[in-house]
Amino acid sequence: MAIIRESALLGGKELTIETGRMAKQAGGSVLIQYGETVVLVTATEGGPRPHLPFFPMTVEYVEKSYSAGRIPGGYFKREGRQSPREILVCRLIDRPMRPLFAKGYRNDTQIIATVISMDQENPSDVLAITGASAALMISDLPWEGPVAGVRVGRVDGQFVANPTFEQQERSDVDLVMAVTTEAIVMVEGAAEEASEELMLEAMDFGREAVRDVLDLQIRLREACGKAKIDFEVKENNAEIFEATQSYLKDKVRAAMTVKVKHERYAAVAALKKQTVEALIGDFEEIEGAEDEIKNAFEKVYKTSMRRMVATENTRIDGRKPEDVRWITSEVGVLPRTHGSSLFTRGETQTLVTATLATTREAQRVDTLSGQITRHFLLHYNFPPYCVGETRPMRGPGRREIGHGTLAWRALQPVVPDVEKDDWPYVIRVVSEVLESNGSSSMATVCGGTMSLMDAGVPIKAPVAGIAMGLIAEAGEFVVLSDILGDEDHMGDMDFKVCGTEKGITAFQLDTKIAGITRDTMKRALMQARDGRLHILKEMMTPLAEPRKDLSAHAPRIITLKIKPSQIGAVIGSGGKTIRGIIDQTGVAIDVSDDGSVSIASANEAMANKAIEIVKSLTQEAEVGKIYRGVVKRIVDFGGFIEILPGVDGLCHVSELTDGRVEKVEDVLSEGDEVLVKVMSIDRYGKIRLSRREALAEQKN
């Protein structure tokens with residue numbers, strides 16, 4: 001196979017896609033390069049799985065340490081399981097690719113993106129999205145692309161396509177988009193309280209920036225694309241479908257509009273069973289008739305729900321499209337946590353806690369571009385009981401990591417920063433989803449805000465989140481606010497928007513159709529804003545602003561400043577001194593290279609005791625001041641007296657007392673406590689003491 005290479009400009013730099021040189025046995029294989037960052041992306045089909053009720057596609061994204069000239073840490077010195085960042089990029093690739101596969105396609109499919117060169121200037125995640133699209137375009141898989149990935153930033157008020165890592169640090173907008181020639185299929189990102197109009201402008205800019213990249217993939221397909229796989233989609237038996245539709249005509253709405261989730265599920269399950277029992281006798285001669293009836297039932301149920309929303313503006317729980325479910329919010333629900341909240345919206349409920357700790361608890365993450373430190377953490381848990389199910393609990397999956405990261409992005413802009421705001425705490429927020437029927441990640445954002453305020457964290461503004469849906473049916477489209485799980489499952493869009501009263505802090509768009517137009521996006525954003533403001537008002541009923549004081553159980557952190565040269569005195573040989581302070585007081589102590597000493601304890605008395613010990617260890621002698629010192633060593637010409645921990649000076653024999661002293665031992669003995677006055681300190685730090693002067697001043 002000949003090597004084919006196509007290029008296009010993106011953000012003022014050349015993006016190149018090459019095929020025919022590597023991984024030629026894959027269904028489709030490309031190298032995508034931007035700067036000196038290179039990603040190898042393959043797309044491969046593994047055979048039909050017609051019995052599955054879903055499309056079996058897996059996506060993997062792997063960052064190789066060698067790509068940045070690094071060797072992995074740890075004992076084994078090889079890449080291990082995927083990091084949270086790698087999992088998040090897997091999701092970024094999967095979400096825009098999945099809805100563009102041909103309907104009814106059920107073959108095993110795998111996309112693998114491997115970062116094989118990283119210049120530490122140009123990010124690889126958006127390249128992997130475009131690379132996956134290109135690999136699918138030239139493969140034999142039935143996929144309706146192309147898609148182009150692009151990151152949009154805003155630096156100094158100007159939009160930038162695919163900003164470098166350095167530019168991202170200065171950007172107040174961070175969007176990752178996947179777009180087709182016609183519409184947007186995926187967006188994920190964060191902003192610093194951006195307006196809806198600004199976000200629309202950013203998306204318009206991103207769509208325009210990748211037009212040449214989309215054309216590039218079409219040229220690549222024309223040059224070397226394989227013939228697409230022929231696959232058979234099993235159609236429903238028309239006679240069975242018509243019979244099922246006729247039977248359900250007057251029955252499906254009653255089951256569909258039961259307002260309580262599990263009662264509705266029970267009613268629908270009972271109706272499905274009733275339908276099978278009523279019709280199976282008429283179609284006994286047809287092989288698989290029972291499955292045919294069940295499939296027809298699901299199709300009729302879904303179509304009925306969508307048409308009811310589209311034509312009547314009525315949802316399955318009786319709400320209008322823009323209505324938000326009832327909300328309750330409680331704070332301080334747990335007695336010993338630093339902050340806690342219980343947020344309930346309809347049948348979705350989260351218990352969220354906030355914990356404060358010293359900076360030693362910060363998370364350090366190794367990436368291809370170096371180590372980063374995180375002082376704000378958010379973890380999201382979705383146990384099986386929250387949806388009335390049972391399953392093994394084996395740690396967070398991709399869903400938990402993705403939802404937790406979205407909530408983290410939403411809250412991170414309003415949380416005080418250790419460096420910018422002189423905030424001495426690491427913050428960890430944990431969301432336990434107790435019930436779920438629609439957007440527990442948005443409930444996590446709301447509950448997270450309340451738990452932070454309950455803990456006394458001075459957040460810049462409260463943040464709320466809302467999940468929006470879409471029903472596009474019979475030429476009409478209806479945008480839904482605060483969607484249920486059923487509306488997510490049977491709808492065309494899941495659009496989560498988070499923000500303050502002022503603007504957007506994070507959002508995420510997924511579609512199940514070929515994309516979302518600008519007009520639909522604008523309508524969804526403005527309707528989401530109204531819903532967000534309503535939720536903000538309701539959720540803040542028990543607590544309108546952060547508590548003035550930190551929780552009584554949170555550590556009090558006091559920061560002292562010492563000279564860097566005094567750090568050794570605080571730490572001691574092998575850490576002996578600092579361990580002794582911790583043992584005496586029970587506090588936590590962090591000592592920074594610049595001389596900052598942070599002392600943390602929920603016990604104020606012990607914190608003050610530790611402060612005094614550190615001060616005593618780092619005090620400096622002052623000329624003219626009297627100290628009570630301890631005689632450490634006697635020599636012929638005087639005695640060395642320790643006036644501060646680790647600080648001693650010489651009291652010459654002539655300064656011991658009035659009159660002549662024949663022997664120093666006549667006045668001093670090792671271990672004696674004596675009063676001495678600092679007479680001088682020379683430029684080398686040597687201290688001259690006088691017992692005679694100290695005694696004279698004491699008499700006066």
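Modeller: The expected span of a helix is 1.5 Å times one less than its number of residues; helices are DSSP runs (H or I, at least four residues) numbered from the N terminus. This is a predicted model, where local features need pLDDT of at least 70, side-chain atom pairs count only at pLDDT 80 or more, and totals for chains, interfaces and linings use all residues. Residues are numbered from 1 along each chain as its sequence is written, and side-chain values use heavy atoms, with hydrogens and water left out.

The helix I take is α8, residues 261-279. Its 19 residues should span 27 Å at 1.5 Å a residue, and because its end C-alpha atoms are 27 Å apart, the two values agree. Lys261, Arg264, Val268, Leu271, Thr275, Val276 and Leu279 of α8 are buried (under 20% relative accessible area with a 1.4 Å probe, protein chains only; exposed is over 50%, partly exposed in between). Viewed down the α8 axis, these buried residues fall within an arc of 135°, so they line one face of the helix; the arc is that of the directions from the helix axis to the C-beta atoms. On the face turned away from this buried side, α8 carries the exposed residues Lys273 and Glu277. The cover over the buried residues of α8 includes α6 (238-248), α7 (252-256), α9 (289-312) and α12 (485-490), with contact meaning heavy atoms within 4.5 Å.

The span check can be repeated on helix α4, residues 196-209: its 14 residues should span 20 Å, and its end C-alpha atoms are 20 Å apart, which agrees. Among the buried residues of α4 are Glu196, Leu198, Met203 and Arg207.

Conventions: Helix = DSSP H or I, 4+ residues; strand = E, 2+ residues; numbered from the N terminus.
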